[in-house]
Amino acid sequence: MAEKQILLDKSRNWKEFFFQWEWLLVIIFLLIHVVNSFLSPYYLNLNTFIRTPQSFLDKAFIVLPMTFVIIMGNIDVSVGSTVALSSVVMATAYNAGLPMPLALILCLAVGSACGLFNGVIMAKFPELSAAIITIATMTMYRGIAYVILENRAAGGFPEWYSFFGWGSVGRVPFMVIAFAVCAVLFGLLLHRTSFGRCVYGMGHNKRACLYSGVKTGKIIIIVSLLTGLMAGITAVFLTSRMGSTRPNVALGYELQVIAMVVLGGVSTSGGKGKIFGPLLAVFIIGFLSYGLGLVNISAQVLLIIIGALLITSVMVLNIRFDRSNKQMMPSSSGKKRASNK
Amino acid sequence: MRKVFAKVIILTVIAAFLVPAVLFAAGAREEVGERHAFVFKNTGNPYGEKQMEGFKEGVEEMGHQAILRAPDQPTAEDQIQILEQLIAQNVDSICVTANDYDALEPVIRNAMNAGIVVTSADSATNPASRATFVNQADAEMIGRTLIQAAYDMIGGAGDIAILSATSTASNQNLWIEWMQEELTDPKYDDVELVEIAYGDDLRDKSVAETEALLRSHPDLECIIAPTTVGIAAASRVITDNDLIGEVYITGLGLPSEMAEYINNGACPYMFLWNPIDVGYLAAYTNMALVNEEITGAAGETFEAGRLGSYEIVEADDGGTEVLLGPPFRFDPDNIDEWKDVY
């Protein structure tokens, strides 16, 4: 563990700066635009860059807190169900007579409550793995959504509500602005506050953090709460885009979100990664699927390509770490490093 | 060093898979004449593939280009993304088989504002989001016919259940409404509809829902599955559990998939229209709208290639529709000649 810490401190020199995963992502990002504009004559125009993000940014709101979760060495697979539950509660409350602004607040509150519940269990029962806890709450939240709405759809929202998913301020979609604000806030929280340092610390060694006086339980609860809150925000935007909701919305969002975070260079064993990586990954996957959609590629081929991109990038990341590991610490082999985890 | 080498080799292999995929995509880039797009509910649905086939046939007969799309999951979210991509390609017309009656409205409004003709076929969008709707058959006739079939199979009394597609599919929901309407007739006093289950048009989920129906209602005598995926899954379960003759399956099924079960008695008979014709009629409807032969108002008529002349009529939901024709009955006498057709 101490070796890892040293590695982190030494990574400040210029060579390491340009040898970062994020630079590779930037290259992939640019490459995708080049390939896409070569593939389709409809790709390269202003509309693509202004309007397209609306169609994939809804889940990107969860990518931000999920980066925290994974840096801490945890995982949260209940986010898709949290989105569904918040959305269903909001629609049901609105149809039962609650004014829309209050219904929106209720949506965020339900999301936060789901996150808080996850967080409290994780903090109070640290011996249970986060994966098991959130798999349980995943089925629970989705189940509650089904109990509330059964198999029906609910909608009929006021006209102004569609502004969230479809409206623009000037030429920039409202959703893009909202996402940019959230991204900056989460970036500052992770990289410029002691809270962020603790998140990294917990990813490296939870016990050491606890013994150094960090309130690890509190941090887990706050991060889970933020995850739930952002799932609520995703629910607001997703529901606005669809104009109606069902208990089976946002199915599989958790895996898409985790895939984006991992593609963004955040290590699932914790402690490594920056907010910038997952942000780039969101746009890489978004524009890649949009571009391939423009040439009418079939849905299955698209899944194969995204899967291949994911596994390739994870492997490249792995090779790079092996190399840097040898350069920095000639005495320790890759095997020894693995056993240290 | 050898480990790194092995990893580089694996990467190369993956790249070797990726390059043809991208080249394949590049090969798809050719443009001739008008482009008409068809968006189905999801991939891997033989019924949808037949519709796409018919749409393609119709569009290409007139020398235009057909774009066939379907998301991998039967959700409105994914269909919205596909529609946005089609708008960006500035296609001439789009025909969509909706996963949700209302959810596509905002994106379709954008398409219409961009001058694209939008219709729906098989499963309708709301009247504000379509020029017209290509309907397989009269919903009332489908609903009533299926209940009469079930009544006939169970001998006039007993428990029946419905295994539908997704809970938001507008076509299935309308048929189920008519089934419930038919059941209010005093003739059906001894028939009880015990449950409506949703298999989401996914094979595994439909199988699981059928098994759950059989477990929770031991006296169940008939399952009506008004979806091709559901009826095949339910028949499979009945066959595998040796329940042929105890529980009957009927509904709407593809002859090619159902021949086995119609011959073994799991499904005594079922109904369907020709899905190829649904797609074909949708193609001609879209082309007529693009050429401004018709506007989608009730009372207009147009020619649909080999199918002859069609008239646009008022639909129950306040919009307009084109009716393909009455559903066709498949039983052990005629299934063998149809199973190779579609």
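## Around B:Ile223

Setting aside neighbours within four places in sequence, B:Ile223 touches B:Ala161, B:Leu163, B:Thr210, B:Leu213, B:Ala234, B:Val247 and B:Ile249. Contact here means C-beta atoms, placed from the backbone, within 7 Å.

This is a predicted model: local features need pLDDT of at least 70, side-chain atom pairs count only at pLDDT 80 or more, and totals for chains, interfaces and linings use all residues. Residues are numbered from 1 along each chain as its sequence is written, while chains are lettered from A and ligands numbered from 1 in the order written.

## The largest core

B:Ile223 is among the residues with the most contacts inside the largest nonpolar core, which has 199 residues. Such a core joins buried Ala, Val, Leu, Ile, Met, Phe, Trp, Tyr and Cys residues through C-beta atoms within 7 Å. Buried means 20 or more other C-beta atoms within 10 Å of a residue's own.

Helix H13 (residues 216-242) of chain A gives the most, with 16 residues. Helices are DSSP runs (H or I, at least four residues), numbered from the N terminus. Domain 1 (35-136 + 275-325) and domain 2 (139-272) of chain B both contribute, so the core lies between them. The bounds come from an automatic or database domain assignment.

## Where the chains meet

Chain B puts 39 residues into the contact and chain A 41 residues. On the chain B side, H1(B) supplies the largest share, 11 residues. That side divides into 21 nonpolar, nine polar and nine charged residues. Ala, Val, Leu, Ile, Met, Phe, Trp, Tyr, Cys and Pro count as nonpolar, Asp, Glu, Lys and Arg as charged, and the others as polar.

Notes:
A residue is buried if 20 or more other C-beta atoms lie within 10 Å of its own, exposed if 12 or fewer, and partly exposed in between; C-beta atoms are placed from the backbone. Helices (H or I, at least four residues) and strands (E, at least two) are DSSP runs, numbered from the N terminus. Two residues are in contact if their C-beta atoms, placed from the backbone, lie within 7 Å.
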